[in-house]
Every structure is written in structure tokens, then in C-alpha cells.
Amino acid sequence: MASTLVRTIVKPLSFALLAGLALAAAVGVAPAQMDDRNFGEPRADASEADRKIFADGLKQFSRTWDAQDGAGERFNEHSCLGCHSVPKPGGAGTGANTFVIVSNDISDAGGGHVFQRLQRTASGTAEVPAPAGSSRRKAPMLFGLGLLDAAALEQTTAPAPGPDRITGRVGGTPEQPGRFGWKARVPDIETFVATAFAEELGLPRTTAGQTYPDIAIEEIATFVRLLGPPPRQRDAGERTAVGERIFAETGCAQCHTPSLRLSRQAAAELDREPEIRAYTDLLLHDMGPGLADGITEGKAGPADFRTPPLWGVGASGPPYLHDGRARDLAEAIGMHDGEARDTRLRWERLSPSDREALIRFLQAL
């Protein structure tokens with residue numbers, strides 16, 4: 001199975017990225033009891049050979065990179081683990097120092113707008129003031145990214161099932177459709193990791209006289225592909241089932257699509273069911289002027305964001321949303337606008353009991 005996972009579904013490389021469960025105080029929801037035994041572990045279908053590759057990638061993911069490794073004078077972190085650690089390696093970043101700063105005044109080599117906040121000097125490391133008009137980006141969970149990379153991605157023409165006739169848009173560019181990143185700019189996991197090396201760690205893909213950054217990118221990309229999806233809550237209970245029904249009736253499932261189909265090739269190679277339950281359509285949606293950040297990336301305008309997967313959302317925050325402005329899940333729902341405005345209005349009309357059930361359902365994913 002190792003060869004299948006690494007050579008095919010994982011896409012060949014040139015060489016052999018919602019800890020605490022704070023919830024809506026306004027609806028009185030207690031923290032979920034999560035089964036975290038599989039957070040940060042390889043997928044269940046990984047062979048022994050895959051697990052060895054996974055362990056090697058985890059070492060690279062956790063190691064510290066510095067000037068002696070070829071890192072430049074400007075960077076954001078010394079390690080992938082510095083931003084992706086909650087609740088386990090490969091998770092989200094919830095601390096203030098894990099948020100990336102982006103600005104329209106910056107155009108980085110990866111096609112984004114990442115501001116490198118740290119400057120290496122002869123006397124140490126200094127923090128550089130952020131440019132005016134900049135915006136924050138929360139580091140997302142990486143669990144299950146290999147399955148999302150294997151999902152079929154295509155522009156839909158018919159609206160999603162639901163009351164509001166919402167149609168999402170594939171991000172990226174016509175030449176390179178995107179599925180990762182808050183603006184769906186990044187086409188695949190290898191590009192995601194290589195961009196993080198260059199912009200977050202300050203390590204370009206090619207460094208004079210050195211080859212190990214490229215090898216590390218390969219190993220970390222394979223580690224990310226093999227990361228299992230977030231485990232669902234044990235013994236979710238009747239209120240969670242009620243919340244799932246309300247989730248659909250309110251219209252949340254129009255963008256947070258419960259299941260994605262793997263491509264036919266991926267389903268055959270992984271020898272698994274052709275669907276994954278990630279609660280995303282991987283598509284761009286207009287979220288309204290209140291959440292707009294002034295950033296344009298590929299097909300995504302200032303108010304456009306990719307639907308984030310909801311699996312594991314209970315363990316990926318607080319805070320929530322692309323810039324961490326929401327203190328809990330209820331507040332995050334209440335800030336939806338644009339294409340999600342009518343869904344938000346239905347949420348606002350729910351009884352406190354139904355809101356609680358919906359939040360419990362989200363916790364259990």
C-alpha cells in the first residue's frame with residue numbers, strides 16, 4: 001500500500017499547512033468529549049512502510065530551520081510545528097504568534113501576499129511592524145489534507161441543494177485550479193508546503209550548494225498527505241442528531257457540503273468508499289463586505305473565501321474565521337454574510353435550544 005499512497009494518490013514529487021473547545025456561552029454549550037487518539041496519526045489505510053515515511057516526515061515537520069540551513073534574513077517561524085500544533089502536530093494555530101500577516105502591498109514568490117514579520121540581525125531577531133491595511137490569516141488544520149487533495153474538483157453549474165440557490169466557484173487560475181488556502185489559491189499539497197518553506201521559514205526551494213530543503217519539502221508533503229482526518233466525537237447523542245438536521249434546514253450544508261467525492265482514480269487506488277465527509281465544497285463564496293480583507297488572489301476577490309472544512313472544527317479553535325475575529329462558533333456563524341446572509345438570518349431566528357443542538361453537532365464533527 002505504501003507505493004500506492006506515495007506514488008499515485010499522493011501525486012509523484014520531483015524527489016524519492018475550530019486546542020481548547022470554547023463554545024458559545026450565549027447558548028450554554030459544554031465542551032465536547034473528543035476522542036483524540038487519532039489526531040495527528042497516519043490514515044487508517046497506511047501500511048507499515050507508509051508509517052515509516054510518515055515518521056520521517058514528522059521529524060522534518062517538527063525540526064527547527066535557521067540561518068545555517070540556508071534560511072534568509074526574513075521569515076515568520078523556525079518550524080512547521082510553530083504554526084500547526086493544536087491539538088497535535090499537523091493541527092491549527094490558535095496563538096497570536098501563529099497568525100500570518102498578509103497585505104496587498106506585498107507580492108511574494110508564491111503568488112500570495114505574505115508579510116515576513118521577523119528580521120534576523122547580527123544581534124538577534126527583531127519583529128518588523130506590519131504594513132498599514134494588513135490582514136491576519138489563521139493557520140489551518142492539516143488533518144485529512146491528503147483526502148481533500150484527492151477529491152474531485154470541478155466547477156458546478158447547478159446551485160447546491162438548499163433554499164438559496166448558491167453556486168460556488170473554483171479558485172486559483174484557469175491553468176492551476178486551487179483547492180487549498182483561505183482564498184483557494186494553492187493547487188496541491190506540494191505547492192502548499194513549498195510556499196510555506198519560502199514565505200514562512202524563509203527557505204527557498206533552491207539554495208546554493210544545498211539540496212535538503214527540496215528533500216524536506218517532499219518528506220513533509222508526504223507526511224501531510226498521510227495525516228488522517230480528524231476523528232469524530234464518541235457517543236455524540238440525540239442532541240447532535242437534532243443539530244445535524246438543523247444544520248441542513250438552516251442552509252449551512254449549501255456550502256459546507258457534508259460529503260465530497262474522491263476522483264474515480266483516487267477511490268480505486270485508496271480502496272475506500274468514494275466519499276469523504278469533510279463538510280466543505282472546496283469552492284469560493286462571497287462572504288460579504290464585513291469579512292472582506294482587501295486581498296485578491298487568483299479568482300478570489302476581497303470578499304471571497306474558500307469554504308473551510310468543518311471536520312475537526314471543535315478542536316481547531318478558538319478563535320475562528322480566516323482572521324480569528326470570532327471568539328466562538330456561535331459568533332463565527334453570526335458573522336456570515338454575502339451568499340450566506342439568509343443562512344445567518346435563519347440561525348438568528350433559531351430558538352436557544354436549536355442553536356445549542358447545532359453547535360453540539362459542529363463540535364462532534
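A residue counts as buried here when its relative accessible area is under 20%. Keep that cut-off in mind as we walk through this predicted model.

Let's start with T250, which sits in helix α6. Its relative accessible area is 3%, so T250 is buried. Leaving aside residues up to four places away in sequence, T250 touches T343, R346, W347 and L350.

That leads us to helix α9, which spans residues 341-349 and has T343, R344, R346 and W347 as its buried residues. Why do these lie on the same side of α9? They cover an arc of only 160° around the axis, which puts them together on that side.

Now for the pair α6 and α10. Their axes are 7 Å apart and the helices pack at an angle of about 100°, which means that α6 is roughly perpendicular to α10. On the α6 side, the contact includes R239, V242, I246 and F247, and on the α10 side it includes A357, L358, F361 and L362. The residues of this contact of α6 with α10 divide into eight nonpolar, three polar and five charged.

Finally, a look at two strands. Strand β4 (residues 118-121) pairs with strand β5 (residues 124-127) in the antiparallel sense, over four bridges. Q119 has A126 in β5 as its bridge partner, and a hairpin of two residues joins β4 to β5.

How values were computed: Residues numbered from 1 in each chain as written. Predicted model: local features only at pLDDT ≥ 70, side-chain atom pairs only at ≥ 80, totals over all residues. Heavy atoms only, no water. Buried < 20%, exposed > 50% of the residue type's maximum accessible area, 1.4 Å probe, protein only. Arc of directions from axis to C-beta. Pairing = 2+ DSSP bridges. Contact = heavy atoms within 4.5 Å. Axes fitted to C-alpha atoms, helices over the stretch in contact; angles between N-to-C directions. Parallel < 35°, antiparallel > 145°, perpendicular 65-115°, else oblique. Nonpolar A, V, L, I, M, F, W, Y, C, P; charged D, E, K, R; others polar.
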